Amino acid sequence: MLKKRKLGRGVAVVGAGMSRFGMFKDMDSKDLFVEAFREMLLSVDKGVDPNEIEALYLGNFSNDFFMHQAHWAPIISDLIGVTPKPATRTEGACASSALSFREGVFAIASGFYDMVLVGGVEEMSKCSTAEVAEGLALATVPYEGKVGFTFPGVFGVIGTSYFAKYGASREHLMNVTIKSHNNAPLNPKAQIPYSVRDLMNAKIERIKQKGRPLPQWKDEKDFLRDPSANPVVAWPMNLYDCCPISDGASCMLLVAEDIAKNFTDKPLYVAGIGQGSGRGFHAAKSLTSFEATINAAEEAYGMSGLKPEDIQFAEVHDCFSIAEIIHTEDLGFFKPGEGYKAVEEGLTRLDGPKPINTSGGLKSKGHPVGATGTSQLFEVWKQLRNEAGKRQVPNKNLRFGAAHNLGGTGGTCTFTILERR
Amino acid sequence: MEERNFSDISYEQYLNENKLMGSRCKKCGVLYTPPRALCIKCYSSEMEWVEMKGDGKLSAFTCIAVGPPFMIDEGYDRNHLYCVGVVELDEGTRVDARIEGVDTNKPDTIKVGMPVSVEFLHRGEGEELMTYLAFKPA
Ligand SMILES: [Zn+2]
C-alpha cells in the first residue's frame, strides 16, 4: 500500500561533499570529515556562510567500538564551527547517515530550521579484520549472532535461499562484482579503483615476479572461480562478493526549498523519502527480500508519486553482491527472481537502461559504514547535476535519482529520491 | 515449567535441558519460536509454552570461513568451515541454528529443503553451561 505522506514544506540539497574512501594510516575521523565539509562548502555554487548552519545531524555506527570513542556529534560540530548549536548523532548501523539525512529533512520540513548539515563518518581500518567483523556483528540480530552468524554469513544465507528459489548461482553474483568494479576506475574517490580484470592482471604480475607457475585464467570469471584468488568468506559469499573495510566521511547541506536558489541555480529537491524496519530470519516474511526496504520504498514512492520505472539510476546498498540483486527487486526495478537476469543482460551497467551503483558501489567505492548513506546521495547529487565526469550516466535528461541504504542485516533500510527540476 | 517468563533467558535455559520451546498465544493461537511474551498479531500477553518436536527442513544455510572469536576457539578457520542456517520447523516457525553433520568443504552437497532434526550442543558445565541449537540431516 502506497502511503501518501507529504513534507510540511519542501527541502532542497544545495551542497555536498565526500572524503576519499580507503584505509588511511595518517588520517582519522576528524580529518576525513573536514575533507568532506570543505568540499561541500566549495560545491555551493553561490557560496554559503557556514555560520548560517543551524544544526548538525551526524550518522555514525560504531566508532565507539572501532576507535574507543563515542559521542561524535559534538566532536564534529566543534571541528566545523557549528558549536554551540545542536549536534545530534543518528545510529542505524550501516544506514546511520541516511537517517541523519532524514532527520535533517524533517527538521527543515517542520519549519524549525532553514539550514542544516547532515552527514556521516566512520573509521574502521585501525582495527584488525577480526575486530571489524566482531564490531559489525554487533548489528546482527541476537539469535543469529549467538549461533555463529557473521555479517557475510547472513548474506550467505540469503544467497543460498535465493539460489534455491530462483535457480541463480555464484556465476550470477560474479556479474554484479564485475559490473560494479567496471565503474570504480571512473570514480576518483573509490577505494578500489580497478576493474576485476585490472585486479586479475595485477595478481598475475605479482605471481610472475615471485617466479611461481602462472595461473591459467581465461577471463575475469575464471579468476573469480579460483578459490586461491577468490576464497570463501561465508559460502556463497567469497572475497569478491564482500565490500572492503574503509574509513571515510560525507555530508550534505539542506535548506528550505524557498531559499534554495539563494545558494545555487541547480538545487536538488527531496522528492521522496522512506524508511523501514526489519527483523531476523526467525520472523522475517521472506528470506529473499527485506521488508524494511519494501516499507521504505512504499513511503518514498507514495510521497513522490513516482514509480520504480521513473527512477533513472540508483545507488543501492551492495554490501554483498547478493544484496544488490535483492534490493533491485525490493525497490521494484525488476520483478522478484529477475534481478540476477537483469545484471546478466547488462541492464544495470553504466550505459544500460537502469544504471545501478555508478559510483562503483560499496564493493569498490568502499563502505565506511556511518558515512555510506550520504555518500550514496553524494553520487546522486553528482549525477543529477551532470558533474559525475567519466562515470556520468549517458542520459542528457536526468531528473530522478535515488539511493537505498541498508543497516545491519536489514534492520533499518531507507530509500531517498532526489529530483532536479 | 509453566512458571518461566516467556523470554530469551528461559529459551536458553530450556536449550540447556535439551528442549526446543516456543510460545503460543492463548487468544489467537499464533506460535512463536523463539518465544515472545507479547503476541504481535493480537497483542495479548496470555501465552503458553509449547515444546517443538525438533523436526524441520533446511530453509537456507551458509558455510563460514571467517568466524567470531567463540567459533575460532572451537577450532573453525579458513580450512575448517562451519555451517549455520535457518530451519523451518514442522510446526511452521523458523529458528537460526548451527548445522552439523554436513560437508562444509562441499557446500553444493548441502541441499536447501533437506529434512533435519534437532541436536543440542552443550558447552561448559554448571553455571557456565550454554547450549547451541543445532540440526543435523534427518
Ligand atoms: Zn495473539
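I looked up the second largest cavity in this predicted model and found its lining to be A:Val176, A:Thr177, A:Ser180, A:Tyr240, A:Asp241, A:Asp318, A:Phe320, A:Ser321 and A:Lys363. A cavity is a set of points, on a 1 Å grid over the protein atoms alone, where a 1.4 Å probe fits but cannot get out, and lining residues have an atom within 4 Å of a point. Helix 8 (residues 170–183) of chain A gives the largest share of this lining, three residues; helices are DSSP runs (H or I, at least four residues) and strands likewise (E, at least two). I noted a volume of about 40 Å³ for this second largest cavity, the volume being the space filled by probe spheres set on the points.

I then turned to the largest cavity, with a volume of about 120 Å³. Its lining has 17 residues, with A:Arg279, A:Ala284, A:Ser289, A:Phe290 and A:Thr409 nearest the centre. Helix 7 (151–166) and helix 11 (291–304) of chain A each give two or more residues to that lining.

Next I examined the zinc ion. Its protein donors (N, O and S atoms within 2.8 Å of the metal) are the SG atoms of B:Cys25, B:Cys28, B:Cys39 and B:Cys42, lying 2.3 Å from the ion. I recorded the arrangement as tetrahedral (four donors, all angles between 85 and 135 degrees) because the donor atoms subtend angles of 101 to 115°.

Residues are numbered from 1 along each chain, and chains are lettered from A in the order in which they are written. Local features need pLDDT of at least 70, and side-chain atom pairs 80 or more, while side-chain values use heavy atoms.

Key
Donors are N, O and S atoms within 2.8 Å of the metal (3.2 Å for Na, K and Ca); water is not among the atoms, so sites may look incomplete. Four donors count as tetrahedral if all angles lie between 85 and 135 degrees; four count as square planar and six as octahedral if opposite donors are over 155 degrees apart and all others between 65 and 115; anything else is irregular. On a 1 Å grid over the protein atoms alone, a cavity is a set of points where a 1.4 Å probe fits but cannot get out, and a pocket is an open set with protein on both sides within 12 Å along at least five of seven lines; lining residues have an atom within 4 Å of a point.
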